[in-house]
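Trainee: I'd like a close look at just one part of this model. Please pick a spot and walk me through its surroundings.

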Amino acid sequence: MVEASHYAKDEIQEKVQQVVEEKKQLLQSWEAHRHHLEEVYNQQVFNRDAQQLDRLSSEQEGHLRSSELGSTVEQVERLIKRHEAFQKLLAAQEDKVVALHELAARLLAEEHFDSANIKDTLVRVMERRANVKEAAAERRRKLGDSMLYVLFNRDVIEVEGWISEKLQIASDESYRDSTSLQDKMAKLKKHQAFEAEITANRERVNRIKKQGDQLVAKNHQSSVEIKRRVAAVLRAWQE
């Protein structure tokens, strides 16, 4: 009708232009609404994932607050095994941390309407996860030190018992003509089994010295007592 020079050509053109403009505005409004809904959805996904990581961190912080380090080799072994399983779980959850970081980076790059909160939340969650991993590593170090300490105690007790037992044997009447433990041991070395014991316990004494030095170097809380016990074992061994 416009091309045919309809008498209402101008009015028709105006109506068509009006419809085109309204359609354009509708599409723009819909696109803005769709974009807003997408941002709201992404915001909810980010907040949900951040809260899940926070809950995990809270549970794991509770586990890591345990001060139990064990007092026997068997106890410490169980604790180490349990903690290693915990650290494996922690490592497996790292995918969640990476995914949250990537989502936040994308939303920030897109200038999300909640960018300030997303950034603050990401920093807080990441710092908390880093603290959990550091606390887990610290507990593993403490358990390692605990194992070293209980092995040290076990070896000291066994060597002291062995030395005491051999001193009693050496005090037997058949060895009274000897003047020192070294002389008495020299006679006892005639027995092959005893020679094997000497070798095994010499290695154990050396291990005690090494373990004691390591514990003292780590500033173990019982360093003074450790030094005393190492010195006592070395003195008894040399007598």
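**A close look at one residue**

Mentor: Let's go with His220, which is in contact (heavy atoms within 4.5 Å) with Tyr149, Leu215 and Ile226, once its neighbours within four places in sequence are left aside. Keep in mind that this is a predicted model, with local features needing a pLDDT of at least 70 and side-chain atom pairs counting only at pLDDT 80 or more, while totals for chains, interfaces and linings use all residues. Residues are numbered from 1 along each chain as its sequence is written, and side-chain values use heavy atoms, with hydrogens and water left out.

His220 sits in the loop between helix H6 (192–217) and H7. Helices here are DSSP runs of H or I with at least four residues, strands are E runs of at least two, and both are numbered from the N terminus. His220 has a relative accessible area of 16%, so it counts as buried. The scale is simple: buried is under 20% relative accessible area, exposed is over 50%, and partly exposed lies in between, using a 1.4 Å probe and protein chains only.

Now look at the residue just before it. Asn219 is in that H6–H7 loop as well, but at 66% relative accessibility Asn219 counts as exposed. Its phi is near 60°, a positive value in a residue other than glycine. For background, most residues other than glycine have a negative phi, and most peptide bonds are trans. Glu111 also has a positive phi, near 55°. Glu111 is in the loop between helix H3 (94–109) and H4, and it counts as exposed, at 66% relative accessibility.

What about open space around our histidine? His220 is one of the residues nearest the centre of the largest pocket, along with Leu69, Asp145, Ser146 and Gln221, and the pocket has 13 lining residues. The pocket search runs on a 1 Å grid over the protein atoms alone: a pocket is an open set of points with protein on both sides within 12 Å along at least five of seven lines, whereas a cavity is a set where a 1.4 Å probe fits but cannot get out, and lining residues have an atom within 4 Å of a point. The space in this pocket is about 260 Å³, where grid points are joined across faces, edges and corners and the volume is that filled by probe spheres set on the points. Its lining has three nonpolar, seven polar and three charged residues. In that tally, Ala, Val, Leu, Ile, Met, Phe, Trp, Tyr, Cys and Pro are nonpolar, Asp, Glu, Lys and Arg are charged, and the others, Gly among them, are polar.

Leu148 is in helix H4 (residues 115–170) and counts as buried, at 15% relative accessibility. Setting aside neighbours within four places in sequence, Leu148 contacts Gln211, Gln214, Leu215 and Lys218.

Helix H7 covers residues 223–238, and its end C-alpha atoms are 23 Å apart, which agrees with the 22 Å its 16 residues should span at 1.5 Å a residue. The expected span is 1.5 Å times one less than the number of residues.

Finally, step back to the whole chain. The protein has seven helices and zero strands, giving the pattern α-α-α-α-α-α-α along the sequence. Of its 239 residues, 32% count as buried. One example is in H1 (residues 9–64), where you'll find Ser57. Ser57 counts as buried, at 0% relative accessibility, and it contacts Arg128, Arg129 and Val132, leaving aside neighbours within four places in sequence.
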